[in-house]
Amino acid sequence: MTISPNAAELYSRVERFIPAIEWPAFSGDIDAILKLKRERNAVILAHNYQTPEIFHCVADIVGDSLALARKAMEVEAEVIVLAGVHFMAETAKLLNPQKTVLIPDMGAGCSLADSITPQDVRLMRQRYPGVPIVTYVNTSAAVKAESDICCTSGNAKAVVESLGVPRVIMLPDEYLAQNIAAQTDVEIIAWRGHCEVHERFTPDDIRELRASHPGVTVLAHPECPPEVVAEADFAGSTAAMSDYVGREKPARVVLMTECSMSDNVAVDHPDVEFIRPCNLCPHMKRITLANIRTALEEMRHPVTIDPNLAERARLSVERMLAI
């Protein structure tokens with residue numbers, strides 16, 4: 001297979017993470033996607049958990065959930081392809097109701113989004129009347145529509161404290177709620193949803209990593225259990241972890257989060273040694289170059305949200321972005 005000059009140039013960014021023998025299998029899709037983006041007036045938004053050939057070779061905008069939500073509003077293209085999971089595509093559609101938003105695989109879900117329904121939120125309101133509901137963006141638009149305001153792992157504390165109340169309900173991530181509760185005087189009532197990637201990390205994992213890799217700096221995502229966060233040197237969103245590496249330049253670091261995050265951050269920090277405990281998100285990994293290409297070729301799968309529901313869900317997201 002002939003590799004185009006454009007694809008060869010892109011390979012130089014990811015050659016430490018993708019063996020040369022595998023690259024020809026990617027380069028044809030990459031060339032096609034770059035061409036299709038121009039023809040469709042499309043952009044690709046990719047979450048930090050996407051694989052390097054997506055994140056560094058075809059994406060136009062990358063980041064964590066908060067960054068993608070903010071940048072989605074600035075997009076001028078007519079078509080947005082969301083290389084991430086379904087709730088992210090819904091959020092992009094909420095903020096760009098007149099644009100076409102595509103999700104390459106409708107099966108790219110989220111254990112957190114699946115852990116709660118709109119009916120659950122309404123029952124929480126009945127049980128705790130008058131207590132505002134802060135909903136993590138890792139939820140469906142239908143759940144967001146039942147909420148007062150959204151948050152991400154990067155701004156959850158600021159959102160909770162912005163409400164100026166002594167008690168809030170925080171849905172659906174129990175561990176994120178517990179980790180934020182440890183940082184604020186606001187009482188937080190939690191739901192019992194968990195991220196199937198982050199809940200698998202344990203304090204013993206960190207202790208074993210420190211024993212095997214002396215001097216390693218441990219960064220943990222706040223979706224990890226509180227006892228894992230307590231063992232880490234720093235806890236923060238994927239954006240905060242990336243910023244920490246760039247700012248502090250640790251000689252050796254481990255990111256307690258989804259596997260591909262380390263590869264994507266490492267591209268810009270070749271002098272930092274990344275230790276990789278590998279917990280893959282099966283939902284993020286449903287997004288591939290091949291189905292991104294198909295999404296652009298066939299304009300599938302368009303995200304649609306009931307207009308009445310969308311208006312209420314959009315308000316919850318916009319309240320978050322205004323903070």
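Begin by selecting Glu297 and Arg293, which form a salt bridge with their closest N and O atoms 3.1 Å apart. A salt bridge here is a side-chain nitrogen of Lys or Arg within 4 Å of a carboxyl oxygen of Asp or Glu. The model is predicted: local features need pLDDT of at least 70 and side-chain atom pairs count only at pLDDT 80 or more, whereas totals for chains, interfaces and linings use all residues. Residues are numbered from 1 along each chain as its sequence is written, and side-chain values use heavy atoms, with hydrogens and water left out.

Now display helix H15 (residues 289–298), where Glu297 and Arg293 both lie, four residues apart, about one turn of the helix. Helices (H or I, at least four residues) and strands (E, at least two) are DSSP runs, numbered from the N terminus.

Next, select Arg207. Which residues does its side chain meet in salt bridges? One is Asp204, at 2.7 Å from N to O; another is Glu231, at 2.9 Å from N to O. Arg207 lies in helix H11 and Glu231 in helix H12 (residues 226–231), so this pair ties together parts that are 24 residues apart in sequence. By contrast, Arg207 and Asp204 both lie in helix H11, three residues apart. Side chains of opposite charge can pair when their charged atoms come close. By the rule given above, the count comes to 19 salt bridges.

H11 lies across S9, strand S11 (252–256) and S12, and runs at about 165° to S11. Contact means heavy atoms within 4.5 Å; axes are lines fitted to C-alpha atoms, for helices over the stretch in contact, and angles run from 0 to 180 degrees between N-to-C directions.

Finally, show the whole sheet. It is open, with four strands in the order S10-S9-S11-S12 and parallel pairing. Strand S10 (234–235) and strand S12 (273–275) stand at the edges with a single partner strand each, so one side of each is left without a neighbour in the sheet. Two strands pair if DSSP finds at least two bridges between them. Strand S9 (residues 217–220) pairs with S10 over two bridges; select Ala220 to find its bridge partner in S10, Ala235.
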